[in-house]
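Subject: Structure handover

Hello,

Here is the structure for you to look over. My notes on it follow below.

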Amino acid sequence: MVSVELAGLKLKNPVMTASGTFGYGSEFLPYTDLEKLGAIVVKGLSLNPRQGNPGPRIVETPCGMLNAIGLQNVGVDAFVKEKLPKLKGIKTQIIANIFGETVEDYMEVAKRLGDSVSAIEINISCPNVKKGGIVFGTDPNEAFKVVSAVKSSTTLPVITKLSPNVTDIKVMVKAVEEAGTDAISLINTITGMAIDVDKRRPVLATITGGLSGPAIKPIAVRMVWQAAQVAKVPLIGIGGIVTAKDALEFIIAGAKAVQVGTANFMDPDSAVKVAEGIEEYVRKNKTSVKELTGSLRV
Ligand SMILES: Cc1cc2nc3c(=O)[nH]c(=O)nc-3n(C[C@H](O)[C@H](O)[C@H](O)COP(=O)(O)O)c2cc1C
């Protein structure tokens with residue numbers, strides 16, 4: 001009763017790992033059982049390898065962390081050739097998270113993935129350099145263009161990952177749905193900042209970073225609930241999930257599946273524990289994830 005179907009993908013349970021918090025999956029093989037997860041979402045992939053930002057690029061905050069990794073990754077070709085084969089034979093869905101600086105970049109990354117993975121998750125929280133720094137994820141017209149372009153470049157199911165750094169998430173939901181996205185995941189990190197008061201300097205080399213972890217969960221639950229008011233495609237809830245109860249909040253608010261991110265840094269087995277907890281809840285309450293999705297009583 002915990003299996004779900006999402007964007008044509010069959011998931012044995014609704015729990016995935018969140019991009020950027022679980023490497024390329026294989027690094028976690030010694031620490032957790034990947035086959036107990038609905039899916040794993042790998043680190044964001046770009047056309048060319050990237051070194052990311054200079055340090056310091058991570059700082060712990062109360063109930064969370066700020067990161068400014070800068071999308072460091074091996075590039076799509078090295079992922080397909082070197083990283084993906086290490087997951088061969090592992091019975092779980094593998095979702096590639098992708099990003100680019102231009103619409104053409106996104107299209108090319110999607111094309112190069114071919115059908116090597118189960119689905120593509122588009123990270124639209126990146127600067128559009130051609131347009132002078134507009135972030136695709138905060139402008140509905142730009143988001144529409146990226147999602148349409150990726151849809152035309154792949155036959156795989158496409159999930160669009162939304163940024164929380166917008167005034168009205170419903171506008172973004174409608175834009176990416178119109179562009180043909182098969183599912184929507186939310187939220188990515190919330191822009192934040194920390195200051196070293198002795199040095200009177202920002203802690204992160206990039207000054208600002210993305211806040212994640214339990215501190216953002218109430219915001220994320222609120223945004224999933226708001227998105228669920230208008231969304232026609234399935235939603236995947238993300239933000240501060242540590243326990244099964246956290247995940248159930250997202251499901252009851254309207255998510256069909258969830259992703260576990262920052263919690264993986266505290267315990268690499270977190271996502272599996274969340275999946276087991278959901279199973280126990282479903283069994284005890286004689287219900288199903290399908291029945292629980294969007295079952296909020298207001
Ligand atoms: C260190 C780090 C790296 C991340 N890298 C990516 C990334 O490459 N692509 C992406 O879409 N999201 C990335 N994220 C965002 C997470 O996938 C997730 O949306 C966010 O952290 C909120 O979930 P959480 O509170 O469970 O961590 C990253 C987050 C962290 C903490």
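How far is an oxygen atom of the ligand from a polar backbone atom of Gly261? The distance is 3.1 Å. Keep in mind that this is a predicted model.

The backbone of Gly213 places a polar atom 2.7 Å from one oxygen atom of the ligand. Lys43 uses its side chain instead: a polar atom there lies 2.9 Å from a ligand oxygen atom. On its own, the ligand would expose 600 Å². The protein buries 97% of that area.

Now the surroundings. The ligand sits in the largest pocket. Around the ligand are 23 residues. Ser19, Lys161, Gly213, Gly240 and Thr262 are the closest of them. By class, the shell holds 15 polar, 6 nonpolar and 2 charged residues.

Next, the salt bridges. The whole structure has 12. One of them joins Asp246 and Lys217, with the closest N and O atoms 2.8 Å apart. Another pairs Asp196 with Lys199, where the closest N and O atoms are 3.8 Å apart.

How exposed are the two partners, Asp196 and Lys199? Asp196 has 24% relative accessibility, so it counts as partly exposed. Lys199 reaches a relative accessible area of 58%, which means that it is exposed.

Best wishes

Definitions and conventions: Residues numbered from 1 in each chain as written. Predicted model: local features only at pLDDT ≥ 70, side-chain atom pairs only at ≥ 80, totals over all residues. Heavy atoms only, no water. Near = heavy atom within 4 Å. Polar contact = N/O pair within 3.5 Å; in protein donor to acceptor, adjacent residues only side chain to side chain. Areas by Shrake-Rupley, 256 points an atom, 1.4 Å probe, with all protein chains shown as cover. 1 Å grid on protein atoms, 1.4 Å probe; cavity = no way out; pocket = protein on both sides within 12 Å on 5 of 7 lines; lining within 4 Å. Sits in = over half its atoms within 2 Å of the grid points. Nonpolar A, V, L, I, M, F, W, Y, C, P; charged D, E, K, R; others polar. Salt bridge = Lys/Arg side-chain N within 4 Å of Asp/Glu carboxyl O. Buried < 20%, exposed > 50% of the residue type's maximum accessible area, 1.4 Å probe, protein only.
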